[in-house]
Amino acid sequence: MKSFALFLLVTVSIFALSFKRDFTEPIQLNFETHFKGKPDENSPYFALTAMTWKYSYESTIYRNRVAINLKNEVSVDKSRSWVKWDKIKNEEIKASLLHHEQGHVNIHYILLLESDRVLKNRTYSVKNYKNQISDLANQISRYFDTMQRNYDEETEHGSNHKMQARWDKIIDDKIAESKAAMVAESGK
């Protein structure tokens, strides 16, 4: 089987007014729905999944404490996500490619869970909370950008099936861990 390369473009820390919150499961990709963009013919990759992470918050200060109401979302940017159909020679390659791309989406889902948990459960300074939230969000963003790059490098963009299976387990375990941490912290 020919090896193939994939890439994830991540856009993070985009502020907006309000976002849908759905933490139940990651977005489930399919090529027909999520890949509407024009392929970059100069790219060596067979597909690109463009993801965004958006968060906003409202803050309330009471008795020298800051409380935030966080709104948090990840999504697939369909107009910037693309696939090179001429490179997909059979159903096996198509399924393998989509599976690898789903891994990128699942990592972004972990970002959603972790950013929600971490940003909500911090004590912020009344004088500096906006900078503290921004700095923390940037740290989270950098961590998950690195995770995305490691995923692509170690799986050889999905063509190393042994490493892909290893990463599938890492991602599944991290999703379960993040969900458990959210449940534990919500019970406090």
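**Close-ups of helix α2 and its partners**

**View 1. Helices α2 and α3 in a right-handed crossing.** In this predicted model, the crossing is called right-handed if the near helix is turned clockwise from the far one by less than a right angle, and left-handed if anticlockwise. The axes of α2 (residues 91-120) and α3 (residues 129-155) come within 10 Å and cross at roughly 160°; axes are lines fitted to C-alpha atoms over the stretch in contact, with angles from 0 to 180 degrees between N-to-C directions. That makes α2 roughly antiparallel to α3 (over 145 degrees; under 35 counts as roughly parallel). Helices are DSSP runs (H or I, at least four residues), numbered from the N terminus.

**View 2. The contact of α2 with α3.** Contact means heavy atoms within 4.5 Å. Look for His-99, Ile-107 and Leu-111 among the α2 residues, and Leu-136, Phe-144 and Tyr-151 among those of α3. By class, there are twelve nonpolar, eight polar and two charged residues (Ala, Val, Leu, Ile, Met, Phe, Trp, Tyr, Cys and Pro are nonpolar, Asp, Glu, Lys and Arg charged, the others polar).

**View 3. Helix α2 beside α4.** Here the axes of α2 and α4 (residues 161-186) come within 10 Å and cross at roughly 25°, so α2 is roughly parallel to α4. This crossing is left-handed. Residues that meet include Ile-110 and Arg-117 in α2, and Trp-167 and Lys-174 in α4. The contact has nine nonpolar, eight polar and seven charged residues.

**Reading notes.** Residues are numbered from 1 along each chain as its sequence is written. Local features need pLDDT of at least 70, side-chain atom pairs count only at pLDDT 80 or more, totals for chains, interfaces and linings use all residues, and side-chain values use heavy atoms, leaving out hydrogens and water.

Methods: Helix = DSSP H or I, 4+ residues; strand = E, 2+ residues; numbered from the N terminus. Parallel < 35°, antiparallel > 145°, perpendicular 65-115°, else oblique.
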